[in-house]
Amino acid sequence: MAGSQADPADGLRIRRLSCEDLAQFAPLLSAYRLEMDPNTPPESRELEAATALLSSPVAEVMGGFLDETLSALAVVFDLPEAIANGRAGQLDDLYVAPRVRGRRLAQRMIEAVAGIGRARGWVHLRWLVPENNAAALRTYQRFAHPAPWKSYVVWPGNGAA
């Protein structure tokens with residue numbers, strides 16, 4: 001996901017992150033992990049997790065910068081799409097720092113990723129939302145449509161199927 005998008009009105013710049021962004025990315029990723037799972041120790045392998053994502057050969061990590069401060073992240077995959085014989089985007093993680101919420105950064109991050117997907121010919125961009133995240137659901141209902149499928153999970157580490 002090359003290039004970057006900037007909005008001079010509020011100083012938002014969205015671009016793909018690299019290992020050079022590790023110092024800002026690691027604490028933001030840690031805050032996201034802690035919000036999603038309050039039992040995760042905040043320092044739980046922070047640099048290792050951030051480095052793994054930024055150096056992944058398959059994940060693309062986008063960052064939203066406000067005044068040069070990394071304030072939002074999106075982890076995206078460009079996947080084969082079997083039904084349409086094309087490609088699709090999978091937004092696997094999206095996080096906006098609490099201090100900047102309410103500024104439509106989630107929507108703008110998704111719009112930036114969708115723009116990249118249009119350039120790549122994606123059939124669609126899809127993402128999962130926790131059913132109990134009312135704020136996220138309200139946000140997405142403003143500009144996206146509910147998908148016509150339901151999601152399921154198997155936890156292999158727990159001895160399930």
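## Helix α4 and its buried face

The buried residues of helix α4 are A136, T139 and Y140, where buried means under 20% relative accessible area, exposed means over 50%, and partly exposed is in between (1.4 Å probe, protein chains only). Looking down the axis of α4, you will find these buried residues within an arc of 90 degrees, so they line one face of the helix; the arc is that of the directions from the helix axis to the C-beta atoms. R138 and Q141 sit on the other side of α4 and are exposed. Helices (H or I, at least four residues) and strands (E, at least two) are DSSP runs, numbered from the N terminus.

What do the buried residues of α4 pack against? Their partners are β5, α3 (105–120) and β6, with contact meaning heavy atoms within 4.5 Å. L137 also belongs to helix α4, but L137 is partly exposed, at a relative accessible area of 30%. Neighbours within four places in sequence aside, L137 touches V129, P130 and E131.

## About the model

This is a predicted model, in which local features need pLDDT of at least 70, side-chain atom pairs count only at pLDDT 80 or more, and totals for chains, interfaces and linings use all residues. Residues are numbered from 1 along each chain as its sequence is written, and side-chain values use heavy atoms, with hydrogens and water left out.

## Aromatic rings

A pair of aromatic rings is described by the distance of the centres and the angle of the planes. Here, rings of Phe, Tyr and Trp (its six-membered ring) pair if their centres lie within 6.5 Å; planes under 30 degrees apart count as stacked, over 60 as edge-to-face and the rest as tilted. By this rule there are 3 aromatic pairs. One of them joins Y32 and Y95: the ring centres are 5.3 Å apart and the planes stand at 45 degrees, so this pair is tilted. Because Y32 is in helix α1 (residues 22–36) and Y95 in strand β5 (residues 86–96), the pair ties together parts that are 63 residues apart in sequence. Both Y32 and Y95 are buried.

The rings of W127 and Y140 have centres 5.4 Å apart and planes at 75 degrees, so they form an edge-to-face pair. This pair links distant parts of the chain, with W127 in strand β6 (residues 122–127) and Y140 in helix α4 (residues 134–141), 13 residues apart. Y140 has a relative accessible area of 14%. Together, W127, Y140 and F143 make up one aromatic cluster.

## The largest pocket

The largest pocket has a volume of about 1800 Å³. Of the 47 residues that line it, W127, L128, V129, P130 and Y140 are the closest to its centre. A pocket is an open set of points on a 1 Å grid over the protein atoms alone, where a 1.4 Å probe fits, with protein on both sides within 12 Å along at least five of seven lines; lining residues have an atom within 4 Å of a point. Grid points are joined across faces, edges and corners, and the volume is the space filled by probe spheres set on the points.

Which element gives the largest share of the lining? That is β5, with 7 residues. α1, β5, α3, β6 and α4 each supply at least two residues of the lining.

## Two loop residues

Most residues other than glycine have a negative phi. E68, not a glycine, has a positive phi of about 70 degrees; E68 is found in the loop between β3 (60–66) and β4 (69–81). R104, also not a glycine, has a positive phi of about 60 degrees and lies in the loop between β5 and α3. E68 is exposed at 55% relative accessibility, while R104 is partly exposed at 47%.
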